[in-house]
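User: Hi! Could you walk me through this structure?
Analyst: Happy to, let's take a look together.

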Amino acid sequence: GSMNNRFEQAFAEKCGAKYAITFNSGTSTLHAGLVALDVNAGDEVIVPPLTVVSNIDVIFAQNAIPVFADINPDTFNIDPADVRRKMTSRTKCIMPVSLYGLSADLDPIMQIAKEHGIGVINDAAEAFGTLYKGRQIAQIADITSYSTENSKHITTGDGGIIVTNNEDY
């Protein structure tokens, strides 16, 4: 019936995003995000080394290259200063992971992405409802990915949901 559409609409509203689409897994949401950002063979995606292997799997699935930017030892989230150091002409996307309910430092990450004309996919599988400087994290990154598998904040047994404010994505 219409329950899935109702869930997507309610989830988008709760996150402060215009659009939400459910998937069979959080891994699939990340993969779809890379496709939406036109990440292809040989492109680089900057990602933290402290993450689930699925983040790397989806980069490989696009024949892209994961580039690891170190984490901030105080937050365990990706270090924006190291993201800046790892940027090259082949970088197509930054994929921070908002880990353990704590948002990645999104302002500098979004600034770096803007300077280079690339997208940001925030993996928020463990960060539903997380705020960054008083704003829902889904309002900041180009694409935000959530997992709804059985160990997450909101569960559908398995699955994922992706949110964005960009209709093209």
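**A covered strand and its surroundings**

Analyst: Strand 5 has cover on both faces: Gly119, Ile121 and Asp123 on one side, and Val120 and Asn122 on the other, are all buried (buried means under 20% relative accessible area, exposed over 50%, partly exposed in between, with a 1.4 Å probe and protein chains only). Strands here are DSSP runs of E with at least two residues, helices are runs of H or I with at least four, and both are numbered from the N terminus. This is a predicted model, where local features need pLDDT of at least 70, side-chain atom pairs count only at pLDDT 80 or more, and totals for chains, interfaces and linings use all residues. Residues are numbered from 1 along each chain as its sequence is written, and side-chain values use heavy atoms, leaving out hydrogens and water.

User: Why list the residues of a strand by side?
Analyst: Because side chains in a regular strand alternate between the two faces of the sheet.

User: Which way do strand 4 and strand 5 run, and how many bridges join them?
Analyst: They run parallel, and two bridges join strand 4 (residues 91-94) to strand 5. DSSP has to find at least two bridges for two strands to pair.

User: And what is the bridge partner of Ile94 in strand 5?
Analyst: That's Val120.

User: Is Cys93 buried or exposed?
Analyst: Cys93 is buried, since its relative accessible area is 0%. Cys15 counts as buried too, at 1% relative accessibility.

User: What does Gln136 contact?
Analyst: Leaving aside neighbours within four places in sequence, Gln136 contacts Lys14, Cys15, Gly129, Thr130 and Leu131 (contact means heavy atoms within 4.5 Å). Gln136 lies in strand 7 (residues 135-136) and counts as buried because its relative accessibility is 17%.

User: Where is Ala104?
Analyst: Ala104 sits in the loop between strand 4 and helix 5 (106-116). Beyond residues up to four places away in sequence, Ala104 touches several others, including Asn77, Pro96 and Tyr132. Its C-alpha atom is 8.1 Å from that of Tyr132, 28 residues apart along the chain.

User: Last one: is Phe76 buried or partly exposed?
Analyst: Phe76 counts as partly exposed, because its relative accessibility is 42%. Phe76 lies in the loop between strand 3 (65-68) and helix 4 (80-86).
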